[in-house]
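Dear colleague,

Please read them with the model open beside you.

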Amino acid sequence: MTALLALQLTLIVPLCGALLIALCGRWPNLREAVTLSTAGLLFYLVIQVFGAVERGGDEAAALYVELWQILPGLHIALHSEPLSILFALVASGLWIVTSVYSIGYMRANQEKRQTQFYVCFAVAIFGAMGVAFAANLLTLFLFYEILTLSTYPLVAHKGDDKARAGARTYLGILLATSIGLFLPAMMWTYFVAGTLDFRPGGILDGNIGGIGATILLLMFMFGIGKAALIPVHRWLPAAMVAPTPVSALLHAVAVVKAGVFTIAKVVIYIFGLDFLVDVPHEVIAVYIAGFTIVVASILALRQTNIKRMLAYSTVSQLSYIVLAVLVLTPLSEIGAIVHIVAHAVAKITLFFAAGAIYIASKKTEINQLDGIGFRMPITMGAFAIAALSMIGVPPTGGFVSKWYMIAGAFQIDSYFVLIVLTLSTGLNAAYFLPIIFRAYFRKESVAPPKPHGEAPLPMVGAICITALLTLAVFFLNGPLVAFEMAVLGVPR
Amino acid sequence: MLSHLPILQVIVPLLAAPACLLLDRARAAWLFACMASLVSVVISGLLVFQVHQFGVLSYSLGGWDAPWGIEYRIDLLSAYVLLIVSGIGALMMLAANTAIRIEIPPERQPLFYVLYLLCLAGLLGIVATGDIFNVFVFLEISSLATYALIAQGRDRRALWAAYQYLIVGTIGATFILIGIGFLYSLTGTLNMQDLANRLPQLENSATAFTAFAFLMVGVCLKLALFPLHLWLPNAYAYAPSIVTAFLAATATKVAVYLLIRFHFSVFGVGFAASVLPLHSIFLALGLAGVFVASLVAIQQPNVKRLFAYSSVAQIGYMIIGIGIGSATGLQATLLHLFNHALMKGALFLALAAVVFRFGSADIRHFAGLGQRMPWTMAVIVIGGLSLIGVPGTVGFISKWYLVLAAFERDWWPLIIAVLLGSLLAVIYIWRLVEVAYFWKGEDEVCREAPLSLLIPTAILALANIYFGIDTRLPVYLSDSAAQMLFGVGP
Amino acid sequence: MLPELYNYWVVIVLMMIGFYIVIVQGNLIKKLIGLNIFQTSVFIFYISVGKVADGSAPILAEGVNVYSNPLPHVLILTAIVVGIATMALALALVIRIKNAYGTVEEEELQERDLQC
C-alpha cells in the first residue's frame with residue numbers, strides 16, 4: 001500500500017463507512033462494529049501516510065494528487081505535509097476513542113435516531129480528512145463546508161426547540177462567515193496571486209500591498225468562523241445543545257481544530273511567515289486574538305452549566321493557537337501546533353467527563369458537583385489531569401505548548417502576548433480549580449436521583465485513554481516538536 | 001436531412017402540436033409530445049456538433065437567399081441556447097403527465113400538450129432564426145401559448161395573472177415591432193446579419209437610436225428586468241407547476257438571448273455609447289433587481305412566489321454580466337443562462353412534486369417535509385446551495401466568472417454587491433430548509449413524490465452538481481460564444 | 001416638415017391614446033380596446049412607411065412603373081393576424097375572469113382577491 005494510495009483512501013474510507021453504517025441501521029451491534037472498524041482502518045491509513053511524511057525526502061514530496069480540475073486554475077487536489085498529517089492523526093485517532101464513548105453514551109441514554117448520528121459523524125470525519133489533506137484553498141473550502149453541513153444534523157440531534165435554535169445559530173454563523181468573508185477572501189487571493197495552492201513561503205508575497213494584506217488577513221480570520229474568534233464565536237456555546245459525544249469530538253477536536261488548522265495553513269502557506277512580518281498592522285490580528293482569550297475566559301468564569309463553561313474555555317484556548325500562529329516566530333508556531341494536539345486530548349477528556357457525569361447522575365451544573373469525586377474517582381481524576389493541562393501545569397501537554405508560546409513571545413519582546421498568557425492562565429485556574437476542589441473536598445450537597453458509581457465502561461475507558469494521551473504529550477514532546485520543526489523548515 | 005436541421009428544429013414541435021390535437025387521449029398525447037421533444041433535443045445536439053465542426057450554419061427558407069429571404073442562422077450562441085431550451089423542454093415533458101394530473105381536468109390535458117409544444121416551437125424559433133421579423137412572429141407564438149398555459153392554473157388568480165402578462169407582453173412585443181419598423185425604414189432589410197453590416201454607417205441617426213431604444217425596452221419587458229418584472233411573480237405563482245418549471249428555465253433565458261443578439265450582433269457593443277450610458281444602466285438595474293427581488297423573496301409565504309422573485313434576482317445577475325461590458329462578463333451571463341436553467345428547473349420541478357402531494361406550495365406544507373419527502377427536499381437543498389453559489393455546484397461557477405469579470409475592471413463595490421446578493425439568497429433558502437427539516441409536520445399522511453416526477457428532478461439536481469465540477473462543456477461553449485460576439489474569435 | 005410627416009403624427013397620437021387607455025382604464029375590455037388601438041398605430045406606421053412617392057398599389061398591372069413597397073404590407077398582414085389571435089385569447093380570458101370573479105373591473109377584481 002503506497003502512501004499515495006493511502007492518502008486517497010483516507011477520504012474514501014469514511015464516506016464508504018457512512019454508507020455502510022446507514023445500511024446496517026437496523027442491526028445496532030453490526031452498525032457499531034462498522035463504525036469502529038472504519039475508524040480503525042482510517043487511523044491505519046493515516047499512519048501509513050504519516051510514515052511517508054516522516055521519512056521525508058522524495059517520498060514525502062510526492063504525496064500530491066490532483067483529483068479534478070473545475071476551472072483553469074481551480075483544482076481539487078490533496079497533499080500531505082507535517083501540519084496536515086498531525087491534524088489527520090488527531091482527528092482519526094480521536095474518532096476511534098469517541099466512537100467507543102458514543103456507544104456507551106447513546107445506549108445508556110437511549111437516544112433516538114442513532115443511525116443518523118453515526119452516519120453524520122462519519123461524513124463529518126470525511127470532511128475533516130478533506131480539510132486536513134487539502135492541497136489548495138478551494139479544496140479546503142469545499143471540505144470545510146461539507147464539515148459544516150454534516151455537523152448540523154448532529155447539533156440539532158435532540159430535535160426539540162432548544163436544539164433547533166442552537167443549530168440555527170450554529171449553521172447561521174458558520175455559513176454567513178464562510179460565504180460572506182472566507183469565500184470573498186479566497187477569491188481575492190486567487191485574483192492577486194493567480195493560484196490557490198498551499199506553498200511554503202506563501203503565494204501572496206509581492207502580489208498584494210500592505211493595507212490590502214491586513215484586510216485580507218482579517219477577512220480570513222473572521223471568515224474562518226470555526227476558529228471562534230470574538231465576535232463570531234457565538235455558535236460554540238449555542239452548539240452545546242448537542243449530545244456530549246458530538247460536543248466532545250466535533251467542538252473540541254474536529255470542527256474547531258479544522259478552524260484553527262485552516263488559519264494556520266493560511267498564515268503559513270498562503271501568506272507566508274516572512275511576508276506577514278512585513279505587513280503593517282498585522283498586530284491588529286494579534287490584539288483580536290488576545291482579546292478573545294481574555295474575554296472568553298472571563299465569560300467562562302461566569303458560567304454555571306458545565307458544558308457551556310467548557311465551550312467558552314474552548315473559545316479561549318482556540319485563540320491561544322491563533323495568537324501563537326500570528327506571533328510569527330518559529331517557537332510560537334511550534335507552540336501553536338503542539339497546542340492543537342494538547343488541547344484536543346485535554347478538551348475531549350473534559351467533555352467526556354461532563355457526559356459521564358450527566359449519564360451517571362443527571363447533573364449538568366457546576367454547583368451540583370460537590371463531592372462527586374468520591375462517587376466517580378476515575379472520571380474526576382481524568383478531569384483533574386485535563387484541567388491541569390488547560391491551565392498549563394506540568395506534567396501535562398498544556399504545559400509544553402504554553403512554554404513554547406511564552407518563549408516565542410520573548411523572541412519578539414511582545415509584552416502584550418506575555419500579559420495575555422499570564423492573565424489567562426490565572427483565569428483558567430480560577431474556573432477549573434474550584435471544580436476539582438468541589439469534587440474532592442466537599443461533602444455531597446445535591447443528592448443524585450439514585451445512587452451511582454462510575455459511568456458505563458466504554459465511557460470510562462475512553463476517558464482514561466484520552467487522559468493518558470494528555471500526559472503522553474508532555475512526555476513525548478521531543479519527537480512531536482522535532483516533527484513540527486519540519487513544518488517550518490527550521491533546523492533543530 | 002442533416003442540412004435541413006435548422007428548420008427541423010422548429011418544425012418538429014410546431015407540427016407535433018396540432019398532431020397532439022388529433023390524439024384525444026391524454027396519455028397518447030403525452031407520449032407523442034415526449035417523442036417530439038426528445039427529437040428536438042437530438043436535433044439541438046447535432047446542431048451544436050455541426051456548428052463546432054463547420055462554423056456558422058446558414059439555412060435559407062424556401063430557397064430564397066438572404067437577405068431577401070428568411071434565413072435561419074445558427075452560430076455557437078444559438079446552438080448553445082437551443083440545447084438548453086430543448087433539453088429543459090424534454091425533461092419537463094417527461095414529468096408533465098404526472099404533474100398536471102391534479103391541476104388540469106382530464107378533458108383539457110391533450111390541449112395542454114398542444115400549447116406546450118407550440119410554446120417550445122416558438123422559443124426554439126426565436127433562437128434559430130436570423131430574420132428580425134421572424135423573431136417577432138415566433139415571440140408572439142411562444143407568448144400566446146404561454147398566456148394560455150398560465151391560464152390553466154387551478155386558482156382563479158391564474159386567469160388574472162395571464163391577463164396581466166398578456167397586456168404587458170403584448171406591449172413589449174409591439175415595442176419590438178416598432179423597433180423593427182424603424183430599422184426597416186432605415187436600412188430596407190430584415191436580416192440580422194445584413195442589418196449588422198449596414199448599421200455602422202448609420203451610427204448617428206436618431207431613427208436608429210429610437211429603434212434601439214424600443215427594441216431594448218421591449219426585450220426587457222419580456223425578460224423581467226427590474227422594474228419591468230411585475231408580471232412575473234403572479235404568472236409563476238399561479239400557473240400549473242410544470243408550466244412554471246418550464247417557463248422559469250427557458251422563457252426568460254430566450255429573452256436574454258434576444259437582448260444579447262440585438263446588443264452585440266445587430267447593433268454592436270459601442271452603438272449607444274455616445275447617447276446613453278447603457279452599460280451603467282444595465283449594472284444599476286441588474287443590481288437593483290438582485291437586491292429588491294431577494295429582499296421581497298425573503299418575506300413570501302408561498303414558495304412558488306419566493307422562487308419567482310428569486311428568478312428576478314438571478315436575471316439581474318445576468319444583466320450585470322452584460323453591463324460589465326467585457327468578454328468575461330458576457331461569458332458569465334452565458335454561463336448563468338445555462339446554470340440558472342438547471343437550478344430553477346430542478347427547484348420548480350421539486351415544487352411541482354410538493355404541489356402534487358399537497359395541492360399548493362404554501363410554506364406551511366413544508367413543515368417536516370425533510371422526513372416525509374426526503375428526496376424532494378434533497379433536490380431543493382441542492383438547488384438552494386446552487387442559488388447561493390456554494391463551490392461544488394453550478395451556481396458557484398457563474399458567480400465566479402461574474403466576480404472575475406468585475407475584478408478585471410477593479411470594480412470592488414460590484415464584487416461586494418454580488419456577494420451580498422448571495423447572502424440574501426442564504427436567508428430565504430435557509431428559511432425553507434429550517435421549516436422542512438426542523439419543524440413538526442402536520443398530521444396529514446404523505447408519501448414521497450412519484451417516480452415519474454422524481455427522476456427528471458433528480459437528473460436536473462445531479463446536473464447541478466455534475467456541471468459544477470466538470471465544467472468543460474458549458475465553459476467551452478460560453479467562452480467561444482462570448483469571444484465570437486465580441487468579435488475576437490472565429 | 002409638419003405637412004409631409006403627418007402620417008408619423010397620426011401614428012404617435014394613436015399610440016399614445018392606446019397606451020394611455022391600457023394604463024388608465026380599469027375595465028378589462030376597455031384595456032383591450034386600448035391595446036388594439038396601440039397595435040393599430042404600429043400597423044399604420046409600417047404601411048405609411050411603405051408608400052413610395054407616386055407609387056401605386058403593389059399589384060402587377062399594365063402600364064404601371066412605380067409600385068409601393070409590398071413588404072410592409074406582408075409584414076402587417078402577419079402582425080394583424082397575430083393581433084387577432086392575441087385579442088381572441090384575451091377576450092376568452094376576460095370571459096373566464098367574468099365567470100370566476102363576476103366582474104371585469106380591475107379594482108373590484110383586486111378587492112375580491114383580497115377578501116379571499
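Is C:Phe38 buried or exposed? With a relative accessible area of 1%, C:Phe38 is buried, where buried means under 20% relative accessible area, exposed over 50% and partly exposed in between, with a 1.4 Å probe and protein chains only.

This is a predicted model, in which local features need pLDDT of at least 70 and side-chain atom pairs count only at pLDDT 80 or more, while totals for chains, interfaces and linings use all residues. Residues are numbered from 1 along each chain as its sequence is written, chains are lettered from A and ligands numbered from 1 in the order in which they are written, and side-chain values use heavy atoms, leaving out hydrogens and water.

Over all chains there are 47 aromatic pairs, meaning rings of Phe, Tyr and Trp (its six-membered ring) with centres within 6.5 Å, called stacked if the planes are under 30 degrees apart, edge-to-face if over 60 and tilted otherwise. Among them, A:Tyr144 and A:Phe182 are edge-to-face, because their planes stand at 85°, with the centres 5.4 Å apart. Both A:Tyr144 and A:Phe182 are buried.

C:Phe38 forms a stacked pair with C:Phe19, at 5.4 Å centre to centre and 20° between the planes. C:Phe19 is partly exposed, with a relative accessible area of 23%. Both residues belong to one aromatic cluster, whose members include B:Phe175 and C:Tyr46.

Finally, B:Arg156 lies over the face of C:Tyr101, 3.9 Å from the ring centre, the criterion being NZ of Lys or CZ of Arg within 6 Å of the ring centre and within 35 degrees of the ring normal.
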